[in-house]
Amino acid sequence: MFETVGCVIGGDQVKEVRRLGKPPKELGNTIGVSGSPDILELDDGSFAVIGVDVTEELGEIPLPDARCASNERIVRIPRNTLLAARNDIPEE
């Protein structure tokens with residue numbers, strides 16, 4: 001089940017954002033005071049992830065064929081966040 005909310009990204013209005021999986025509080029990943037790891041589907045079909053920035057720890061080239069551009073960040077989310085979203089991720 002998707003929860004739909006509005007959001008602004010990069011100055012452009014995104015008309016629809018849907019949470020994939022369960023809310024962070026339901027998963028025990030937040031107490032509602034600080035960060036809340038989450039996976040979102042944007043209205044253009046792309047995805048956004050809210051997580052802890054681990055770019056410094058992993059470096060800009062965490063794998064030989066994976067690079068992090070200057071405008072990108074590598075974020076960590078709890079395993080249960082991704083597993084809870086599995087059934088909500090579209091096949092195409």
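Helices (H or I, at least four residues) and strands (E, at least two) are DSSP runs, numbered from the N terminus. By this definition the protein, seen here as a predicted model, has 3 helices and 6 strands, and from the N terminus on its elements run β-β-α-β-β-β-α-β-α. Residues are numbered from 1 along each chain as its sequence is written. In this predicted model, local features need pLDDT of at least 70 and side-chain atom pairs count only at pLDDT 80 or more, while totals for chains, interfaces and linings use all residues; side-chain values use heavy atoms, with hydrogens and water left out.

**The whole protein**
- Of its 92 residues, 22% count as buried, where buried means under 20% relative accessible area, exposed over 50%, and partly exposed in between (1.4 Å probe, protein chains only).
- Among contacts (heavy atoms within 4.5 Å) between residues at least 6 apart in sequence, 40% join residues at least 24 apart.

**Phe47**
- Phe47 lies in strand E4, which covers residues 47-50.
- Phe47 counts as partly exposed because its relative accessibility is 41%.
- Not counting residues up to four places away in sequence, Phe47 touches Leu20, Leu40, Glu41 and Pro90.
- Arg19 is 28 residues from Phe47 along the chain, and their C-alpha atoms are separated by 9.8 Å.

**Thr30**
- Thr30 belongs to the loop between helix H1 (24-27) and strand E3 (38-42).
- With a relative accessibility of 13%, Thr30 counts as buried.
- Leaving aside residues up to four places away in sequence, Thr30 touches Pro24, Lys25, Gly35 and Ser36.
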